[in-house]
Amino acid sequence: QVHLVESGGGLVQPGGSLSLSCTASRNIFSFNAMGWYRQAPGKERDLVATLTRGGIRTYADSVKGRFTISIDGAKNTVYLQMNSLKPEDTAVYYCNANAGVHYWGQGTQVTVSS
């Protein structure tokens, strides 16, 4: 069983920044990829960013140039640095670990509002 523990959500004003972190209960490089998804009220869960074991990054068009995904292997932690936040970024953000089987964190709320 894999556990993913997220932290870093909160309330921020438009144009502000937040950093999310997700720590895995086992070697993060044992996964094919790590990623972040988000789900706004009444909407489906959508991909935000992924980072493969080989170092390939993928971003949703809506966050390109604003969000950055990274990994600290020594801490088994994946990060999502979010800059220039917009109200439409408001959602619950979920960490994902892809090992063929997908594992999910509990989610962390990000609210962008003035």
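Analyst: Start with a link that has a handedness. The model is predicted. The bond between Cys-22 and Cys-95 is left-handed, with -80 degrees about the S-S bond.

User: What makes Cys-22 and Cys-95 a disulfide?

Analyst: The sulfur-to-sulfur distance is 2.1 Å. The cut-off is within 2.5 Å. The pair therefore qualifies as a disulfide. By this rule the count is 1 disulfide.

User: Which parts does the pair of Cys-22 and Cys-95 tie together?

Analyst: Cys-22 sits in strand E3 (residues 18-24), and Cys-95 sits in strand E9 (residues 91-99). The parts tied together are therefore 73 residues apart in sequence.

User: How do you know whether Cys-22 counts as buried or exposed? And Cys-95, buried or exposed?

Analyst: Buried means under 20% relative accessible area. Cys-22 has 0% relative accessibility, so Cys-22 is buried. Cys-95 also has a relative accessible area of 0%, so Cys-95 is buried.

User: Why does Arg-38 count as buried?

Analyst: Arg-38 has 13% relative accessibility. The limit is under 20%. Arg-38 therefore counts as buried. Arg-38 belongs to strand E4 (residues 33-39).

User: What makes the pairing of the Arg-38 and Asp-89 side chains a polar contact?

Analyst: The two side chains are 2.9 Å apart in this contact. The limit for the N or O atoms is within 3.5 Å. The Arg-38 side chain also makes a polar contact with the side chain of Ser-62, at 3.3 Å. That value too meets the limit of within 3.5 Å.

User: Which residues is Arg-38 in contact with, leaving aside its neighbours within four places in sequence?

Analyst: Among them are Glu-44, Arg-45, Asp-46, Val-48 and Phe-67. Ser-62 and Asp-89, the polar partners above, are also in contact with Arg-38.

User: In what order do the 4 strands of the open sheet run?

Analyst: The order is E1-E3-E8-E7, with antiparallel pairing.

User: Why do E1 and E7 stand at the edges?

Analyst: Strand E1 (4-7) and strand E7 (67-72) each have a single partner strand, so one side of each is left without a neighbour in the sheet. Neighbouring strands of this sheet are turned by 15 degrees against each other on average, direction ignored.

User: How do you know that E7 and E8 pair?

Analyst: Strand E8 covers residues 77-82, and E7 and E8 share 6 bridges in the antiparallel sense. Pairing needs at least two bridges. E7 and E8 therefore count as paired. Within this pairing, Ile-71 stands opposite Val-78 in E8.

Terms used: Residues numbered from 1 in each chain as written. Predicted model: local features only at pLDDT ≥ 70, side-chain atom pairs only at ≥ 80, totals over all residues. Heavy atoms only, no water. Helix = DSSP H or I, 4+ residues; strand = E, 2+ residues; numbered from the N terminus. Axes fitted to C-alpha atoms, helices over the stretch in contact; angles between N-to-C directions. Buried < 20%, exposed > 50% of the residue type's maximum accessible area, 1.4 Å probe, protein only. Polar contact = N/O pair within 3.5 Å; in protein donor to acceptor, adjacent residues only side chain to side chain. Contact = heavy atoms within 4.5 Å.
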